[in-house]
Amino acid sequence: MTQRKRTLRSAQWFGTADKNGFMYRSWMKNQGIPDHEFQGKPIIGICNTWSELTPCNAHFRRIADHVKKGILEAGGYPVEFPVFSNGESNLRPTAMFTRNLASMDVEEAIRGNPMDAVVLLVGCDKTTPALLMGAASCDLPTLVVSGGPMLNGKHQGKDIGSGTVVWQLSEEVKAGRMSMHDFMAAEAGMSRSAGTCNTMGTASTMACMAEALGTSLPHNAAIPAVDSRRYVFAHLSGNRIVEMVDEDLKLSKVLTREAFENAIRVNAAIGGSTNAVVHLKAIAGRIGVELDLDDWTRIGRGTPTIVDLQPSGRFLMEEFYYAGGLPAVLRRLAEANLLPHPDNLTVNGRTLWENVASAPIYNDEVIRPLDNPLRQDGGMCILRGNLAPRGAVLKPSAASPGLMQHRGRAVVFNDFDHYKARINDPDLDVDADSILVMRNCGPRGYHGMAEVGNMGLPSKLLAQGVTDMVRISDARMSGTAYGTVVLHVAPEAAAGGPLAAVRDGDWIELDCGNGRLHLELSDEEIQARLQESDPTAASRRIASDGGYRQLYIEHVLQADEGCDFDFLVGRRGAEVPRHSH
Ligand code: FES
Ligand code: MG
C-alpha cells in the first residue's frame with residue numbers, strides 16, 4: 001500500500017475490512033477493478049458533461065480517456081461520472097434555466113461519492129459555471145479541463161464565427177441582401193469540428209475565466225478541441241490532480257477574492273461575455289467570496305481590450321491559440337502592472353505570474369499591444385438609475401461608441417412574443433433614435449433569463465441601413481452577440497422592477513460614461529404605474545404548475561446576485577455523509 005501524507009477521504013468507503021467496506025468494494029469490482037486499486041490510491045472523480053444533445057461537449061469521452069491515462073500514470077484511480085449537461089444550442093427555454101439544477105447534481109454527486117479530488121470536464125457555456133458552482137460548494141481539490149473551441153467556420157472562402165455570423169447573416173436575409181441558399185450554406189460551414197463556439201462567446205470566455213482564476217493548467221482556454229495538444233493537456237491535468245490530493249490543494253485556496261479580481265480584469269482584456277458577470281458572481285457566492293457589480297466598474301472598467309476576437313473584433317479562437325493564447329494576454333497585462341494579483345496561486349502550485357512570465361506572443365494583431373488596443377475602454381459598463389436600481393450591464397467593446405450616450409423614446413415590448421409580433425410591423429412608430437425596451441425576460445419572467453436581449457432591429461430600419469440601436473431589457477444576450485445592448489436590468493419586471501412601468505414614447509437616457517440609466521418620469525409616476533401593472537401575476541400563475549420550474553421561480557436570485565438559488569449560496573464542504581446501510 002502507498003504511504004500517503006494524509007488519510008484519504010475515499011478510505012471512508014474503501015478502507016475498512018467490515019461489512020460496509022465489503023459492500024463498497026465488492027460492487028465496484030463488478031467493473032473488473034482489482035483489489036490493489038482500493039489499497040490507498042487517491043480516487044479521482046471525472047465529472048463529465050458529455051452528451052449528444054450538447055454537441056459542444058460531444059467529444060468529452062475521448063477527453064476523459066486522456067485524463068484517465070494521466071491519473072493512472074500518477075498513481076491515482078479515475079472514476080468517471082455523468083452529470084446534467086447544459087447544452088446551449090438545444091435546451092429550451094434556455095440552458096441557464098438548468099445551470100443551478102446541474103450545479104446541485106454536481107455538488108451532491110461529489111459529496112456523496114468516494115472521491116478525493118475531482119476533474120471538471122466543461123465546455124458549452126453553462127457547463128463551466130454549473131460545475132464550478134457545485135464543486136465550490138464541496139471544496140475538494142478541483143481542476144478544470146475545458147473541451148476547447150471548434151476550428152474556424154468557413155463560408156465562401158472566408159472565416160465565419162460561431163453565433164456571431166448567425167446574428168449578422170439573419171439580418172442580411174431580413175434586409176434582402178442574402179439569399180436563403182447562401183444562408184443554408186453558411187449553416188453547414190459554421191460548425192465543422194468538435195468543440196465549443198470559436199468566437200469569444202460565453203464558452204470561450206468562461207474557459208478563459210477558469211484559466212485566469214487559476215482553476216486550470218495554463219492554455220486551458222484556447223487549444224482547439226481537435227488539436228492533439230488538447231489531449232496532451234487533458235493527460236497532464238490527470239497527472240496534476242493526483243498531486244493536488246497530497247498537497248490538499250482545495251478549490252478555496254485557489255478561488256480567492258484576488259482570483260476573481262484577476263478574472264474581472266482579464267475579462268476586460270479579452271472582450272469577454274456579459275454572461276461572465278452573472279456566472280462569476282454565482283461561483284464566488286458558492287466559495288464564500290464577496291463580489292458585486294461595482295467590482296466590475298472598479299477593477300475592469302477602462303482596461304484596454306487587447307484580444308481582437310469576434311464578436312468585438314475580427315479573429316477566432318484558432319488564431320488566439322496560435323498567437324499565444326491566454327498566457328500571452330496574462331503576461332502582457334502583468335508586465336504593464338494591469339494584473340491586480342499576479343502572485344495568486346493556481347492549481348499547478350505555481351502563481352499566475354510564474355506560469356506566464358516567459359509566455360511567447362506570436363501575433364500582435366490578434367493579441368494586440370496595450371498601446372494599440374482594440375478598444376481603449378474595455379470592461380463592463382455597469383449602469384444604475386431609476387430604471388435599474390440594482391444595476392444593468394452593457395459591453396462597450398461590442399457597442400457603437402456613438403450610442404453609448406443617447407437619449408431616445410421608448411418602443412416597449414411586454415415580452416419576447418410581443419416583440420416578435422410587433423417588430424416588423426410597417427406601422428410601428430420607431431426610428432433609428434428610438435430605444436427598444438423589452439421586459440419579462442429576466443430570471444423569473446422567462447424562466448432562466450433567455451438570451452433575447454440583442455433584439456433584432458425592425459426590418460424597415462435595416463433596409464434603410466441602420467445597423468445598431470439602443471436596446472434595454474432584463475434578458476441576457478449570447479456572448480457571441482453585439483450591439484449597444486443594456487442587459488440584466490435588476491430587479492426584473494417580473495419581480496416588480498421599474499422596467500414594468502415604461503410605456504411607448506417615454507424618454508430614456510443612457511449615459512455609459514456616468515453609468516446612468518434613467519427613465520424620465522418621477523418616482524411617484526413610476527410607483528403609480530407599477531401598482532397598476534402587477535407584473536408578478538403572470539409568474540405567480542406559472543409557479544403553481546409545480547416541478548423544477550416552481551422551485552426555480554420561487555428561489556432564483558436576481559441578475560446582480562448571480563441568478564443562483566437563494567438556498568444554494570455558500571460552501572457546505574465535503575464531509576462524508578452517513579452510511580446507507
Ligand atoms: Fe455550446 Fe456555444 S453553443 S459553446
Ligand atoms: Mg452562448
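Student: Which residues is R257 in contact with, leaving aside its neighbours within four places in sequence?
Tutor: This is a predicted model, in which local features need pLDDT of at least 70, side-chain atom pairs count only at pLDDT 80 or more, and totals for chains, interfaces and linings use all residues. Residues are numbered from 1 along each chain as its sequence is written, and chains are lettered from A and ligands numbered from 1 in the order in which they are written. Two residues are in contact if their C-beta atoms, placed from the backbone, lie within 7 Å. With neighbours within four places in sequence set aside, the contacts of R257 are V289 and E290.

Student: Is R257 buried, exposed or partly exposed?
Tutor: R257 lies in helix α11, residues 257–270, where helices (H or I, at least four residues) and strands (E, at least two) are DSSP runs numbered from the N terminus. A residue is buried if 20 or more other C-beta atoms, placed from the backbone, lie within 10 Å of its own, exposed if 12 or fewer, and partly exposed in between. R257 has 15 other C-beta atoms within 10 Å, and therefore counts as partly exposed.

Student: How far apart in space are R257 and P149?
Tutor: The two residues, R257 and P149, are 108 residues apart in sequence. Taken from C-alpha to C-alpha, their separation in space is 28 Å.

Student: Which residues make the contact between α6 and α7?
Tutor: The axes of α6 (residues 164–174) and α7 (residues 180–190) come within 10 Å and cross at roughly 175 degrees; axes are lines fitted to C-alpha atoms, for helices over the stretch in contact, and angles run from 0 to 180 degrees between N-to-C directions. The crossing therefore makes α6 roughly antiparallel to α7, a term for angles over 145 degrees. The contact is made by V165, L169 and V173 of α6 and by M180, F183, A186 and M190 of α7.

Student: How many nonpolar residues does the contact of α6 with α7 have?
Tutor: Ala, Val, Leu, Ile, Met, Phe, Trp, Tyr, Cys and Pro count as nonpolar, Asp, Glu, Lys and Arg as charged, and the others, Gly among them, as polar. The contact of α6 with α7 has no polar and no charged residues, and its nonpolar residues number 7.

Student: Which residues touch the most other members of the largest nonpolar core?
Tutor: A nonpolar core is a set of buried Ala, Val, Leu, Ile, Met, Phe, Trp, Tyr and Cys residues joined through C-beta atoms within 7 Å. The largest one has 175 residues. Those touching the most other members are V119, L120, V329 and V437.

Student: Where does D139 lie, given its positive phi?
Tutor: Most residues other than glycine have a negative phi, and most peptide bonds are trans. D139 is not a glycine, yet its phi is positive, about 65 degrees. D139 is buried because 21 other C-beta atoms lie within 10 Å. Its place is the loop between α5 (127–138) and β4 (142–146).

Student: What is the phi of N440?
Tutor: N440 lies in the loop between β10 (435–438) and α18 (459–463). It counts as buried because it has 24 C-beta neighbours inside 10 Å. Although N440 is not a glycine, its phi is positive, at about 60 degrees.

Student: What is the C-alpha separation of H447 and R549?
Tutor: H447 is also in the loop between β10 and α18, and is buried, with 23 other C-beta atoms within 10 Å. Beyond its neighbours within four places in sequence, H447 is in contact with P93, F97, R549, Y552 and I553. H447 and R549 are 102 residues apart along the chain, and their C-alpha atoms are separated by 7.2 Å.

Student: What is the omega of the cis peptide bond from R92 to P93?
Tutor: P93, a contact of H447, lies in the loop between β2 (77–82) and α4 (99–112). The peptide bond from R92 to P93 is cis, with omega near 5 degrees.

Student: Which residues does G87 touch, not counting those up to four places away in sequence?
Tutor: G87 lies in the loop between β2 and α4 and counts as buried, with 22 C-beta neighbours inside 10 Å. G87 and P55 are 32 residues apart in sequence and 7.2 Å apart from C-alpha to C-alpha. The residues touched by G87 are S51, L53, T54, P55, C56, A95 and C124.

Note on methods. Angles under 35 degrees count as roughly parallel, over 145 as roughly antiparallel, 65 to 115 as roughly perpendicular and the rest as oblique.
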